[in-house]
Amino acid sequence: MSIKEFIPHFAAMLEADPADIQPDTEYQELDEWSSVTAMTIIAFAKTQFGKTVTGQAIRHAKTVEDLFTLLTN
């Protein structure tokens, strides 16, 4: 999965418009961001990538690209 493919999935988790999300978007600053979204990302990481991601790791990621890198590496 590329970052371009990831952004629509991420936007859906936020219930946001994908056009408003860019790789350099600081996602925790978005109005739609919440702890529920973080839990959704943890589940997404497990089902899509077979990877266990912690809430702490998500908090340390700043941009959508940082988050994508966390999930895919």
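This is a predicted model: local features need pLDDT of at least 70, side-chain atom pairs count only at pLDDT 80 or more; totals for chains, interfaces and linings use all residues.
**Entry 1: around α2**

I started at Gly50, which sits just after α2 and takes a positive phi of about 65°. Helices here are DSSP runs of H or I, at least four residues, and strands are runs of E, at least two, numbered from the N terminus. Residues are numbered from 1 along each chain as its sequence is written, and side-chain values use heavy atoms, with hydrogens and water left out.

At the N-terminal end of α2 I found Ser34 as the cap, with a side-chain oxygen 3.2 Å from the backbone nitrogen of Val36.

Which residues of α2 are buried? I get Thr37, Ala38, Ile41, Phe44 and Ala45. Buried means under 20% relative accessible area, exposed over 50%, and partly exposed in between (1.4 Å probe, protein chains only). The buried residues of α2 pack against α1, α3 (55-60) and α4, with contact taken as heavy atoms within 4.5 Å.

**Entry 2: the core**

I looked up the largest nonpolar core next: it has 22 residues, and Phe10 and Leu67 touch the most other members. Such a core is a set of buried Ala, Val, Leu, Ile, Met, Phe, Trp, Tyr and Cys residues joined through side-chain atoms within 4.5 Å. At least two residues of this core come from each of α1 (3-14), α2 (35-49) and α4 (64-72). α1 gives the most, with 7 residues.

What does Phe10 touch, not counting residues up to four places away in sequence? I listed Ile21, Tyr27, Trp33, Ile41, Val64 and Leu67.

**Entry 3: Thr63**

I then went to the loop between α3 and α4, where Thr63 is found. Thr63 is buried, at a relative accessible area of 16%. Its side chain reaches the backbone nitrogen of Asp66 at 3.0 Å. Leaving aside neighbours within four places in sequence, I have Thr63 in contact with Pro23, Asp24, Thr25, Glu26 and Tyr27.

**Entry 4: whole chain**

I count 4 helices and 0 strands in the protein chain. Of its 73 residues, 34% count as buried. The C-alpha atoms fill a box of roughly 25 × 25 × 20 Å, taken along the principal axes.

How values were computed
A polar contact is a pair of N or O atoms within 3.5 Å; within protein, one must be able to donate a hydrogen and the other to accept it, and residues adjacent in sequence count only if both atoms are side-chain atoms.
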